[in-house]
Amino acid sequence: MKKDKTKKINQTEELNQEMWTYSLSKNKSIEEIKEMEKTRHFIWENLKDLEYSFNPFFVEILMNKITKSSPLHDISFDLSFLLRRVMIFALFTLVFLLSYLYTTYGSLSELLVINTELLNDTKLISSILNEF
Amino acid sequence: MTNTKNLERDYDKELIQRTVSGDLRAFTELVRKYEKPVAATVISMLGYCSEADDVGQEVFISFYKNIEKFRYESGVKTYLIRIAINLSLNELKRRKRLNFRFTDYKNVSNEVANDTQNISDNQEVIQLAINKLDKKMKAVVILRLIEGYSTKETAEILEIPEGTVLSRLARAQEILREFLKEKIRNYEKR
């Protein structure tokens, strides 16, 4: 931190020289240049002790995000994403099938009766076939 | 001085290589090392807000994603500050779009002059005045004047000629002087 402050002081002195040279080359009056220097000085004096920092868990949150976005996580993310899609597809297929059967056979109980009849018919056919 | 810089550069290089080979602890070290200067730049540009933290995170995530492509043409700090400035400028653009506000110096000057009379804290007044600057000038003021980067470093970060850094700074100072003249007068009287 001390190194940073020393660097800043050096930079302010360097900037004063640069701004004097630049302003003189732009034909600014000495008074104007001095006013600018006062403005810089005012800003420096008031902001020199100001320190900014992110929230205290900045690094932890960041590293958590980075770990989650690592290639290994991408695969698991893709798998869970795929699984979710498959489940949604299966659910839709089931709903579609049930609604199709319902509209075809009128009601679920009727459907069950037909199915039982169909089962009986199948048994009958298989018993006839067995006779042969 | 050059030796210290070279040592620092070599150490950064080692940390980058370790990160590329999958050592996340090395990247954490890089983040801890450069968190402060990135925070100073982003918060100076955007002020203390939740977006500042988000932009800070984006800076390091973008660095991590592109770390294999890092060519050491500039130092890590310069590279990170460049990303920080660009992302902060994007955030300011986004805010501007949301607010539908356009900077008009004449109006802003009056607006700030009125605001500054009511604020007793010089730090707050200066920050208010800097926030009202055009975003390109603001970036120069923050890097060169406040954060103490050299003109060459500022030019490198913003990818503009050194002469442009000085001309933007000179123009920004004129505007700031207008905003702050009352406060500077009072400050000198003390």
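Predicted model: local features only at pLDDT ≥ 70, side-chain atom pairs only at ≥ 80, totals over all residues.
Let's start with chain A by itself. Chain A has five helices and zero strands, so if you read along its sequence you get the pattern α-α-α-α-α, where each helix is a DSSP run of at least four residues. Its accessible surface comes to about 10,300 Å², and 66% of that belongs to carbon and sulfur atoms. How many of the residues of chain A count as buried? Of its 132 residues, the share is 20%.

Now pick one residue in chain A and look around. N16(A) sits in helix α1, which runs over residues 2-25 of chain A. Is N16(A) buried or exposed? Its relative accessibility is 19%, and because buried means under 20%, N16(A) counts as buried. Leaving out residues up to four places away in sequence, N16(A) touches E37(A), R40(A) and W44(A). With one of these, R40(A), there is also a polar contact: the side chains of N16(A) and R40(A) come to 2.9 Å.

K38(A) has a relative accessible area of 34%, so K38(A) is partly exposed. E35(A), at 32%, is partly exposed too.

Time to look at where the chains meet. Chain B puts 50 residues into the contact, and chain A puts in 37 residues. Between the two chains you can count four salt bridges. There are also 13 residue pairs in polar contact between chain B and chain A, both residues being at pLDDT 80 or more. On the side of chain B that touches chain A, the elements that give two or more residues are α2, α3 (50-65), α6 (122-131), α7 (135-146), α8 (151-158) and α9 (162-189) of chain B. Which helix gives the largest share of that side? The helix is α9(B), with 14 residues. Sorted by class, this side of chain B has 25 nonpolar, 13 polar and 12 charged residues.

In one of them, the side chains of E174(B) and K28(A) meet at 2.9 Å, N to O. Over all chains, the count of salt bridges comes to 17. Why does the pair of E174(B) and K28(A) join two chains? E174(B) lies in helix α9 of chain B, while K28(A) lies in the loop between α1 and α2 (30-47) of chain A, so the pair joins two chains. E174(B) is partly exposed, with a relative accessible area of 23%. K28(A) is partly exposed as well, at 29%.

The other one pairs E60(A) with R32(B), and the closest N and O atoms are 3.7 Å apart. This pair also crosses between chains, running from E60(A) in helix α3 (residues 58-68) of chain A to R32(B) in helix α2 of chain B. At 43% relative accessibility, E60(A) counts as partly exposed.

Helix α2 of chain B, covering residues 24-46, also holds T28(B). Which residues does T28(B) contact, leaving aside its neighbours within four places in sequence? They are V59(A) and M63(A). T28(B) has a relative accessibility of 17%, so T28(B) counts as buried.

One last stop is in chain B. E14(B), R18(B), D23(B) and R25(B) are linked in a network of salt bridges.

Conventions:
Residues numbered from 1 in each chain as written. Chains lettered and ligands numbered in written order. Heavy atoms only, no water. Buried < 20%, exposed > 50% of the residue type's maximum accessible area, 1.4 Å probe, protein only. Contact = heavy atoms within 4.5 Å. Areas by Shrake-Rupley, 256 points an atom, 1.4 Å probe, with all protein chains shown as cover. Polar contact = N/O pair within 3.5 Å; in protein donor to acceptor, adjacent residues only side chain to side chain. Nonpolar A, V, L, I, M, F, W, Y, C, P; charged D, E, K, R; others polar.
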